[in-house]
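My entries follow the display.

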Amino acid sequence: MTRRGLYVHIPFCGTLCHYCDFVKVIYQKAWIKPYLKELKHDLSFFNVESDLQTIYIGGGTPSALSFYELRNLLQLLKLYTTNVKEYTVEANVESLTLPKLKLMKSYGVNRLSVGVQTTNDEMLAKLNRQHTYQMIKTKINLIKKAGFTNFSVDLIYGLPAQSLNDLQSDLTNILKLNPPHISTYSLTIEKGTAASIKKWVSASDEKMRAMYDLILSTLRAEGYVRYEVSNFAKAGFESIHNKLYWENHEYYAIGLGASGYIDGKRYVIEGGISRYLKGESIINIDEITRQEYIEEYLMLNLRLAKGFTFRDFKKRIGFEFMEKYEPQVKALIERGLLSVNHDGVCATDEGIMLLDQVVLTLIM
Ligand code: SF4
């Protein structure tokens, strides 16, 4: 099977955000050189092909690397960039500089994903983020000045004590930056994070839904298309790399904490930073059963507004979708959760909010 994407995890961060549940460690200069060496080892271990369409460097905070470290990382991946259509690097506001932006551009990076989260300075401090709204405005201008036309901003909602008015002003401020792509996340308080120790409480389901609806109506009114449950883009700016995940295609992933999907197996590179740096990471492999494959196909593809075509389903699953699922599909159409035309199927606005139920009804 062709694998068209590569995810590279850079787990280093300048400071740790209180809500963060990602695989990350505090940046230490001494770790970067050996880490890049191990990434090189991963590239050959997983036999990463060079005709990739997308590369996504995420974290952690890739922009926390110094100019020279970042250059070494980009140089390491250069061999794989020949046919790349979309090359994304995640960046934090405080560590993004014009020289780093120019460097990335010179290596073919053509998309940035910026961790904005909120434009409320008080809330940013509470989350232990290191930037302010003023810095966001400055750095987004810098991104544009460096010639990047494609960039995404992350927005978190359901923050402690956040009201709908607070969220509305975040949306207004973010829209002034005119980002071609916006990713939204609801705040979940995960065990073991500083937020959970501080006893922060997640917003209620009703409040989260009201916030989501506000985001949806505000962004749609401004010409953004919700092409995936939590992702909004202006025409032509949907993320090609992330669509590989949602269309349930295979992709490579390297670096500590990275999860990939190769030869019908999902894997995660685990074991902590010390083991990784010694070349002793643990690769946890999960072989996907046929039933799991079908469920994943449905669950992931239905996250996309376009859903999937009957043709693609037949090609990848091996039987006609409607032959097997017609009664369930009819029931879901009656409940207003699914929509079907002669080409394929997609979840309705309401169905996208109740995807677990939709998929469960299909497969039961
Ligand atoms: S910058 Fe990102 S990865 Fe690092 S601690 Fe904050 S949320 Fe986590």
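I worked on a predicted model, where local features need pLDDT of at least 70, side-chain atom pairs count only at pLDDT 80 or more, and totals for chains, interfaces and linings use all residues. I number residues from 1 along each chain as its sequence is written, and side-chain values use heavy atoms, with hydrogens and water left out.

Ligand. I looked up its surroundings (a heavy atom within 4 Å) and found C13, T15, L16, C17, Y19, C20, F22, G60, T61, N92 and R129. I sorted this shell into six nonpolar, four polar and one charged, with Cys and Tyr counted as nonpolar and Gly as polar.

Helix α1. I took helices as DSSP runs of H or I, at least four residues, and strands as runs of E, at least two. α1 covers residues 29-45 and spans 25 Å from first to last C-alpha, close to the 24 Å expected at 1.5 Å times one less than its number of residues. I list I32, Y35, L36, E38, L39, D42 and L43 as its buried residues (under 20% relative accessible area, 1.4 Å probe, protein chains only). These pack against β1, β2, α2, β11, β13 and α10 (contact: heavy atoms within 4.5 Å). N47 follows α1 with a positive phi near 55°.

Domains. The domain assignment gives domain 1 (5-246) and domain 2 (290-364). Their C-alpha centres lie 30 Å apart. The buried area between them is about 1000 Å², 53% of it from carbon and sulfur atoms (accessible area lost on being put together, 1.4 Å probe, summed over both). R226, V229 and W246 supply 48% of the area that domain 1 buries against domain 2.

Technical notes: Buried means under 20% relative accessible area, exposed over 50%, partly exposed in between (1.4 Å probe, protein chains only). Domain bounds come from an automatic or database domain assignment. Buried area is the accessible area (1.4 Å probe) that two parts lose on being put together, summed over both.
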